[in-house]
Amino acid sequence: MKKEKLGKILLGLLIMAALSGCEKKGSVAKEANLVFSHWNTNQNEAMIAVAEAFEAQNPGVRVEVQLAPWSEYWTKLEAAFVSGKAPDTYALHTNFAESYVRNNVVLQLDDLKDYDSDFDYGNYPEGITNLYKFDGKHYAVPKDMDCIILAYNKELFNQAGVAYPDGSWTWDDINAAADKITALGDDLYGFGAYNNPQAGWGSFIYQNGGYVISPDGSKSGMALPESIEAVKFYTDMFLNSDRSPNADMFAETDRRAMFAQGKLGMLPTGNWQLTYFTDNEDISDKFDIAPLPKGAKKATIMNGLGWAGAASTRFPDETKKLIAFMGSRKGNEIATIGAAIPAYNGVAQMWVEKHSDIYDAEIILESLKNGVQYGGSLEKPRWEPVMFDYMDKIFLGQMSVEEGMKKIGEEMDAIING
């Protein structure tokens with residue numbers, strides 16, 4: 001009897017121990033200090049607000065928001081992975097998503113419903129969600145969505161007697177307006193044609209029927225006649241006319257600073273960068289935005305960041321709960337105070353309402369309807385520097401557009417298929 005009774009007691013203790021050690025998935029029953037890292041200065045206030053709201057709902061968890069500039073962010077992040085001190089949660093960009101996933105440093109996020117019963121990937125645009133989905137599995141929750149629009153200086157347009165740009169504008173309209181604005185003075189330029197694949201020449205390639213890389217990531221489109229024609233139009237702005245500052249001028253003065261100083265009539269820019277102008281009293285009341293003028297069709301580079309978790313985190317449950325909250329409707333609504341458009345379906349209109357007193361924010365939502373993904377492949381970290389190198393040569397006039405673009409296409413394909 002004593003043995004039987006002792007056995008029952010031991011069994012009971014084992015069961016209790018097992019139950020006490022099996023914390024319910026999705027609950028936060030212990031203290032945890034999480035680190036969240038990102039690079040956007042103009043969104044830091046919003047990120048802190050989201051973190052504080054999460055802390056209020058989860059008293060056992062503290063979230064430290066770390067900010068590093070883009071120029072340092074990825075180097076620091078990779079060093080943190082190597083040293084075993086990676087942030088628990090971090091902002092992930094499409095440039096790095098696939099290589100990070102393949103190197104097993106990203107937390108898989110297919111079970112977030114266990115941490116928030118309302119969580120559903122169907123709450124975000126499919127195109128953004130798929131940017132962070134590999135082999136049928138999710139590795140980041142869509143954070144925001146963005147596109148490229150045209151910022152323009154109303155004062156310079158008024159002085160030149162040119163009507164403000166609108167959705168009917170074409171490439172010919174850009175040239176005509178740029179010529180008139182450039183003619184206003186020696187230190188003025190009608191357009192800012194700077195070297196950038198996302199916020200610069202990339203959209204023009206897609207408008208002309210070309211592409212940087214095929215949607216399946218299997219081949220380059222840079223050597224296509226349509227792509228070459230688009231880059232030639234773009235670089236003619238300064239190589240064969242004085243409509244735009246050249247690459248050397250932009251190396252001396254940042255294009256955003258040049259626009260804020262009133263030296264550029266038009267500047268293609270990402271909507272997330274508009275705070276450079278809205279927060280600058282020299283330009284804040286002198287500019288507005290319009291859709292990018294169309295080529296053969298309307299198109300604008302569209303992208304979106306994602307919330308990711310470190311596979312090495314010591315707090316996987318708390319990290320997933322934080323990511324689920326950041327991706328929730330409440331988290332997205334809080335983030336509407338920032339420069340980025342929250343990805344959660346239906347919240348974008350709230351963002352528009354909070355920004356429409358500054359510029360015509362509805363134009364950004366309309367532009368997103370013509371969004372195309374710049375795209376990438378597992379080899380992007382290797383082929384993108386090659387593309388940048390040749391584009392630098394083209395923009396500096398050291399190589400013709402045709403020769404440079406064909407070289408890019410050849411070397412990209414060799415890397416992708418090598």
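Which residues in α13 are buried? Taking buried as under 20% relative accessible area, with exposed over 50% and partly exposed in between (1.4 Å probe, protein chains only), the list is Glu 318, Thr 319, Lys 320, Lys 321, Leu 322, Ile 323, Ala 324, Phe 325 and Met 326. That makes 9 of the 11 residues of α13, so this helix is largely enclosed by the rest of the structure. The model is a predicted one, in which local features need pLDDT of at least 70 and side-chain atom pairs count only at pLDDT 80 or more, while totals for chains, interfaces and linings use all residues. Numbering starts from 1 along each chain as its sequence is written, and side-chain values use heavy atoms, with hydrogens and water left out. Helices (H or I, at least four residues) and strands (E, at least two) are DSSP runs, numbered from the N terminus.

One partner of α13 (residues 316-326) is α2 (residues 44-57): the two helices pack at an angle of about 120 degrees, their axes 10 Å apart. Axes here are lines fitted to C-alpha atoms, for helices over the stretch in contact, and angles run from 0 to 180 degrees between N-to-C directions. The pair is therefore oblique, that being the label left over once angles under 35 degrees are called roughly parallel, over 145 roughly antiparallel and 65 to 115 roughly perpendicular. On the α2 side, Val 50, Ala 53, Phe 54 and Gln 57 meet Glu 318, Lys 321, Leu 322, Phe 325 and Met 326 of α13, contact being heavy atoms within 4.5 Å. By type, the residues of this contact split into 6 nonpolar, 1 polar and 2 charged. Nonpolar covers Ala, Val, Leu, Ile, Met, Phe, Trp, Tyr, Cys and Pro, charged covers Asp, Glu, Lys and Arg, and the others, Gly among them, are polar.

Now for the sheet. It is open, with 5 strands in the order β2-β1-β3-β12-β6 and mixed pairing; two strands pair if DSSP finds at least two bridges between them. β2 (61-67) and β6 sit at the edges, each pairing on one side only. β1 (residues 32-38) runs parallel to β2 over 7 bridges, with Ser 37 bridged to Gln 66 of β2. Helix α2 packs on this sheet, touching β1, β2 and β12, and its direction makes about 170 degrees with that of β2.

Strand β12 (residues 306-309) is covered on both faces, with Gly 306 and Ala 308 buried on one side and Trp 307 and Gly 309 on the other. It pairs in the antiparallel sense with β3 (residues 89-92) over 4 bridges, and with β6 (residues 141-142) over 2. Gly 306 is the bridge partner of Leu 92, and Pro 142 stands opposite Gly 306 too.
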